[in-house]
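Visitor: I'm new to looking at proteins, and I'd like to know where the labels come from. Show me the model, and then I'll start asking.

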Amino acid sequence: MQEFKMYTYLVYPNSLFDYFSDIKITENDFILTNEFLYEKHIKSLNMPAKYILIERYGQGEPTSSMVDNIRKDMPKGITRIFAIGGGSVIDIAKMLSLSIPSEKTEDILLTDVTPTKIYDIYAIPTTCGTGSEVTNAFAVELTSLKTKRGMNSPLLFPKQAVLIPDLILELPYKFFATSSVDALIHASESFLSPKATAMSELFSKEAITLILTHYKKISQTKLEDWTQYASEFLNASAYAGIAFCSAGCAAVHALSYPLGGCYHIPHGEANQLVFEPTFRKYKEKMPIGKINAFEELVSTILEVPLSDALNSLFALLEKIIPRKPLREYGISDNEFIGFAEGIITAQTRLLHNNYTPLTQTDIVEIYNSIY
């Protein structure tokens with residue numbers, strides 16, 4: 001049975017100040033954010049809410065132990081969580097919104113414990129990639145296993161997604177590039193997914209069109225011009241999130257998880273490393289099918305011959321942010337079989353959404369092709 005899920009209420013205030021003025025923050029509200037965002041955008045608003053800054057609990061993408069420590073320090077008596085930040089902040093907020101008897105985040109993913117929702121989340125993204133503000137999912141590195149796992153549940157939809165383009169204008173270029181590439185991959189994987197519907201495809205196509213159109217523009221002028229299109233990239237991220245919320249992500253994300261979990265490669269960067277070889281493997285194994293519609297879409301957007309669509313797509317992405325070979329991250333090719341075995345065992349949630357099935361040998365070949 002196919003389905004389409006979209007429960008989030010989106011708002012587009014002119015500024016963070018306007019939003020908080022309308023929603024009336026009280027001492028019972030809790031704001032989860034980054035230190036630099038607090039200093040730059042929040043501190044001067046002098047709001048009565050309680051705060052936690054995630055850097056005080058660790059650096060990089062969230063781990064289950066980081067989330068557990070934040071949970072212990074959460075203030076009492078709060079009624080709402082406002083998550084202001086990138087995907088890590090919003091994903092942590094989603095985990096904190098759940099009541100877990102053991103208070104151990106890993107139990108949600110490794111046992112049959114059934115969490116309940118105790119707080120509504122108001123998600124305010126400051127990057128243009130994860131789409132977490134509109135999805136029913138989170139991903140976290142499990143400290144005990146050193147790999148990332150994800151969860152999907154209706155409990156995880158934010159109450160509101162608050163899109164404010166000004167909040168992403170000061171993103172360093174690399175963070176813009178890796179986050180927007182992540183959104184492009186969300187849209188591309190959900191487009192090819194066997195769970196795609198006519199409705200999810202609308203959002204996939206629009207996200208792909210917005211991102212590639214504006215990538216093409218900045219590649220022809222200068223890359224820093226991306227800030228002129230902040231609203232378009234922020235919308236594209238949300239569209240892609242809406243698409244993959246129903247149709248799902250697939251092998252690109254599955255193959256990126258060992259890279260992030262074992263070597264702490266940032267999520268968007270890890271995804272980009274395996275995006276091209278995974279899609280080329282799809283094309284090799286099943287050249288006739290939905291991938292042809294994907295090629296047609298890319299061909300139209302980039303104004304290139306259909307036969308050159310994939311080549312042009314990945315050449316453009318190399319201009320946006322060049323990839324490094326896996327060996328430069330300290331990864332050994334001796335690890336690829338173990339990566340593949342772990343993916344096939346633990347990432348079935350994602351692999352079920354593949355355009356065409358990938359074997360352990362296929363996965364190892366993908367890693368080897370970018371070694």
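Predicted model: local features only at pLDDT ≥ 70, side-chain atom pairs only at ≥ 80, totals over all residues.

Guide: Residues are numbered from 1 along each chain as its sequence is written, and side-chain values use heavy atoms, with hydrogens and water left out.

Visitor: Why is the pair of F176 and Y215 called edge-to-face?

Guide: The ring centres of F176 and Y215 are 6.5 Å apart and the planes stand at 90°, so the pair is edge-to-face. F176 belongs to helix 6 (residues 173–192) and Y215 to helix 7 (residues 198–220), 39 residues apart, and the pair links these distant parts of the chain. Helices here are DSSP runs of H or I with at least four residues, strands are runs of E with at least two, and both are numbered from the N terminus.

Visitor: How do you know whether F176 is buried or exposed?

Guide: Buried means under 20% relative accessible area, exposed means over 50%, and partly exposed is in between (1.4 Å probe, protein chains only). F176 has 0%, so F176 is buried. Y215 also counts as buried, at 0%.

Visitor: What kind of aromatic pair do F203 and Y239 form?

Guide: Their planes make 55° and their centres are 6.1 Å apart, and the pair is tilted. F203 sits in helix 7 and Y239 in helix 8 (residues 230–247), 36 residues apart. F203 is buried at 18%, while Y239, at 23%, is partly exposed. Elsewhere, F191, F275, F279, Y282, F294, F314 and Y355 form one aromatic cluster.

Visitor: What makes K290 and E201 a salt bridge?

Guide: A salt bridge is a side-chain nitrogen of Lys or Arg within 4 Å of a carboxyl oxygen of Asp or Glu. For K290 and E201 the closest N and O atoms are 2.7 Å apart, which is within that limit. K290 is partly exposed at 24%, and E201 is buried at 19%.

Visitor: How many salt bridges does a search of the whole structure find?

Guide: It finds 14. Another one joins E276 and R323, at 2.8 Å from N to O. E276 is in helix 10 (residues 267–285), and R323 is in the loop between helix 12 and helix 13 (336–346), 47 residues apart. E276 is buried at 16%, whereas R323 is partly exposed at 26%. Salt bridges with shared partners join E276, R280, E318 and R323 into one network.

Visitor: How do you know which strands pair with strand 4?

Guide: Two strands pair if DSSP finds at least two bridges between them. Five bridges join strand 2 (residues 29–33) to strand 4, and six join strand 4 to strand 7 (residues 120–125). Both pairings are parallel. Strand 4 (residues 80–85) is mostly covered, with six of its six residues buried.

Visitor: Which strands of the open sheet are the edge strands?

Guide: The open sheet of six strands has the order 1-10-7-4-2-3, with parallel pairing. Its edge strands are strand 1 (9–11) and strand 3 (50–53), since each pairs on one side only.

Notes. Phe/Tyr/Trp six-rings, centres within 6.5 Å; stacked < 30°, edge-to-face > 60°.
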